[in-house]
Amino acid sequence: MAQSEADKDTDAGAGGARPHTGRRRNEAARRAILDAALRLLGESDGDPVTVETIARAAGVGKQTLYRWWPSKGAVLLEALAERAQQTVPAPDRGNLRGDLRTVIAATFAGAQRPPVGPALRTLAMEAARDPQLAALMREFTESRRTALREVLERGQELGQLEPGRDLDLMVDQIYGVFWYRFLLGHAPLDEATATALADSLLR
């Protein structure tokens, strides 16, 4: 569909602009939008992050965001999910203990690096009073739970984890430690903790 002159002018805002190709996402603009969304969420200090502020920070028009995502929440979800996929590997080396240690350690480390750490902390706090952000938080955490559960399922298939173990409870234990320490900051989320946690679950 041809882009209107008004859209072109809007997308050229914030000093000039990244080109885009209508409904087909331009990778440079997409990357700028996702990076801006995470950074703004981490810096918001409770102030609302809007489509307008994300678009302005990314150097695109808000029509671009609405063409590519149905809502602000969808932008934030994609930004968080993509960053998590980049920082947390999905190892399958045939050794459950080693794979589990790797995933837990990468989860701990990745969530503490900016801009993900501040963004996650803000999202968790804001979700307590914003139903839309609460739904976003549930969707994001469910995707991470699924990835971790797959590691445990492979361990069962290889006979390295007893068939009767409650995998969902094991996932809860791992993320329970993560969120408790991440939000309260009373103890470290380091590689030693990741190793000890993995070993305690498989003992």
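**Exercise 1. Two helix contacts of α3**

Task: Determine how helix α3 (residues 27-43) and helix α4 (residues 51-58) pack, given an angle of about 120 degrees and axes 8 Å apart, in what is a predicted model.

Solution: Begin with the angle, which is about 120 degrees between α3 and α4. The handedness comes next, and the crossing of α3 and α4 is right-handed. On the α3 side the contact is made by Ala-32, Ile-33, Ala-36, Ala-37, Arg-39 and Leu-40, and on the α4 side by Thr-53, Ile-54, Ala-57 and Ala-58. Sorted by class, the residues of this contact between α3 and α4 come to eight nonpolar, one polar and one charged.

Task: Repeat the analysis for α3 and helix α6 (residues 72-87).

Solution: The angle between α3 and α6 is about 95 degrees, and their axes lie 9 Å apart. Since the range from 65 to 115 degrees counts as roughly perpendicular, α3 and α6 are therefore described as roughly perpendicular to each other. The α3 residues Arg-30, Arg-31, Ile-33, Leu-34, Asp-35, Ala-37, Leu-38 and Leu-41 meet Val-75, Leu-76, Glu-78, Ala-79, Leu-80, Glu-82, Arg-83 and Gln-86 of α6. By class, this contact of α3 with α6 has nine nonpolar, one polar and six charged residues.

**Exercise 2. Aromatic pairs**

Task: State how many aromatic pairs there are, and classify the pair formed by Trp-68 and Trp-69.

Solution: With ring centres required to lie within 6.5 Å, the count comes to six aromatic pairs. For Trp-68 and Trp-69 the ring centres are 6.1 Å apart and the planes stand at 70 degrees, so the pair is edge-to-face. Both Trp-68 and Trp-69 are buried.

Solution: Finally, ring pairs join Phe-108 and Phe-178 with Tyr-175, Trp-179 and Phe-182 into a cluster.

**Exercise 3. The surroundings of Thr-193**

Task: Decide whether Thr-193 is buried or exposed, and list what Thr-193 touches beyond four places in sequence.

Solution: Thr-193 lies in helix α11 (residues 191-202). Its relative accessible area is 16%, and because buried means under 20%, Thr-193 is buried. Leaving out residues up to four places away in sequence, Thr-193 touches Phe-108, Arg-181 and Pro-188. Thr-193 and Arg-101 are 92 residues apart in sequence, yet 9.5 Å apart in space from C-alpha to C-alpha.

**Exercise 4. The chain as a whole**

Task: Describe the secondary structure of the chain, its burial, and the peptide bond between Pro-114 and Pro-115.

Solution: The chain has eleven helices and zero strands. Of its 203 residues, 43% count as buried. Among contacts with a separation of 6 or more, 63% are accounted for by residues 24 or more positions apart. The bond joining Pro-114 and Pro-115 is a cis peptide bond, with omega about 5 degrees, and Pro-115 lies in the loop between α7 (96-112) and α8 (116-127).

Note on methods: Residues numbered from 1 in each chain as written. Predicted model: local features only at pLDDT ≥ 70, side-chain atom pairs only at ≥ 80, totals over all residues. Heavy atoms only, no water. Helix = DSSP H or I, 4+ residues; strand = E, 2+ residues; numbered from the N terminus. Axes fitted to C-alpha atoms, helices over the stretch in contact; angles between N-to-C directions. Left-handed = near helix turned anticlockwise from the far one by under 90°. Contact = heavy atoms within 4.5 Å. Nonpolar A, V, L, I, M, F, W, Y, C, P; charged D, E, K, R; others polar. Phe/Tyr/Trp six-rings, centres within 6.5 Å; stacked < 30°, edge-to-face > 60°. Buried < 20%, exposed > 50% of the residue type's maximum accessible area, 1.4 Å probe, protein only. Parallel < 35°, antiparallel > 145°, perpendicular 65-115°, else oblique.
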